[in-house]
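I shall present one structure and proceed from the whole chain to particular residues.

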Amino acid sequence: MSSRPKQSMSELKLRRLLEHNQRLREDLGRPRIRVSEASASLIRYCKTTTDHLVPSVWGPVGKNEDPYAPQTGGGCCIVQ
């Protein structure tokens with residue numbers, strides 16, 4: 001009777017190891033790029049993409065170009 005729990009415990013450990021091994025294989029199969037390439041790509045993106053939330057880099061934004069500015073003009077409802 002005492003050998004049965006040990007067997008099931010070892011089966012559980014084996015199953016966990018096999019699952020972990022499978023996750024590692026999947027991780028190994030992911031496409032990778034070098035850190036220098038990723039950094040260069042990120043720097044290039046940041047230099048070419050205007051970010052209205054960083055006016056110190058891109059300068060002030062006109063009210064008509066700012067997507068974060070409060071909308072002016074007519075509302076949808078009038079309450080009297």
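Please note that the model is predicted.

Let us turn to the overall architecture. The protein chain contains 3 helices and 0 strands, and its elements follow the order α-α-α from the N terminus. What percentage of the 80 residues in the protein chain is buried? Buried residues make up 1%.

Next, I consider the salt bridges. How many does a search of the whole structure find? The search finds 2 salt bridges. In one, the side chains of Asp27 and Arg30 meet at 2.6 Å, N to O. In another, the side chain of Asp27 meets that of Arg32 at 3.6 Å, N to O. In general, side chains of opposite charge can pair when their charged atoms come close.

How accessible are these residues? Asp27 is partly exposed, since its relative accessible area is 30%. Arg30 has a relative accessible area of 52% and is therefore exposed. Arg32, with 55%, is likewise exposed.

Finally, I draw your attention to Gly62. This residue lies in the segment after helix H3 (55–58). Gly62 counts as partly exposed because its relative accessibility is 28%. Its C-alpha atom is separated by 9.9 Å from that of His52, a residue 10 residues apart from Gly62 along the chain.

Terms used:
Residues numbered from 1 in each chain as written. Predicted model: local features only at pLDDT ≥ 70, side-chain atom pairs only at ≥ 80, totals over all residues. Heavy atoms only, no water. Helix = DSSP H or I, 4+ residues; strand = E, 2+ residues; numbered from the N terminus. Buried < 20%, exposed > 50% of the residue type's maximum accessible area, 1.4 Å probe, protein only. Salt bridge = Lys/Arg side-chain N within 4 Å of Asp/Glu carboxyl O.
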